[in-house]
Amino acid sequence: MTQKFDRRVLPITSAMAAALLATGCSRSPDTADRDVRVCRDAQGRRVEDRNCSWGGSGGGHGWYYLGRGSAVARVGERVSGGSIAPSYGHSYSPASSANVTRGGLGLSGRSSHS
C-alpha cells in the first residue's frame, strides 16, 4: 500500500506549526509558588531587589507584596495584583527563581541545585 504525498498539505502543516510555536513561546506571566515580595520604583515598575532596603523603601523604591498564585512581573514590567503593605501573619520571600514558576513553554525556574 503506497500513498502519494499531497503537496497542498505542506503549507497548511507549516502554517499550523508556526502558529503553535508562536503561542507556545509567548511571554506568559510568571506565577508565585508562595507569598513573595518584589521591589518596585515610583512608577510601579519592578526593579532589582537590591534597590529596596529591609526597612521598606529608599530612593523612591519600595517592596510590593504578592500572594501565592499571583502573576509576578519581570524586571522592567509594571507590578499589579498585590499590595504595598504585607498581609498580617504572612511571610514573604524574595521573588527568585526558587519560588516562581516561569511562564511560556511550561518550564519551571526551579533549580535542582541546593
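A search of the whole structure, which is a predicted model, finds 1 disulfide.

**View A. The disulfide of cysteine 39 and cysteine 52.** The sulfur atoms of cysteine 39 and cysteine 52 lie 2.0 Å apart, and the two residues form a disulfide. The link of cysteine 39 and cysteine 52 is right-handed, with 85° about the S-S bond. A disulfide of this kind is a covalent bond between the sulfur atoms of two cysteines.

View B. Cysteine 39 belongs to strand S2 (residues 36–40), whereas cysteine 52 sits in the loop between strand S3 (46–47) and strand S4 (57–58), so the pair ties together parts that are 13 residues apart in sequence. Cysteine 39 and cysteine 52 are both buried.

**View C. The salt bridge of aspartate 30 and arginine 74.** The count of salt bridges comes to 1, and in it the side chains of aspartate 30 and arginine 74 meet with an N to O distance of 2.8 Å. Because aspartate 30 lies in strand S1 (residues 30–32) and arginine 74 in the loop between strand S6 (71–72) and strand S7 (93–94), the pair ties together parts that are 44 residues apart in sequence. Side chains of opposite charge can pair when their charged atoms come close.

View D. Arginine 74, for which the relative accessible area is 23%, is partly exposed.

Methods
Residues numbered from 1 in each chain as written. Predicted model: local features only at pLDDT ≥ 70, side-chain atom pairs only at ≥ 80, totals over all residues. Heavy atoms only, no water. Disulfide = S-S within 2.5 Å. Helix = DSSP H or I, 4+ residues; strand = E, 2+ residues; numbered from the N terminus. Buried < 20%, exposed > 50% of the residue type's maximum accessible area, 1.4 Å probe, protein only. Salt bridge = Lys/Arg side-chain N within 4 Å of Asp/Glu carboxyl O.
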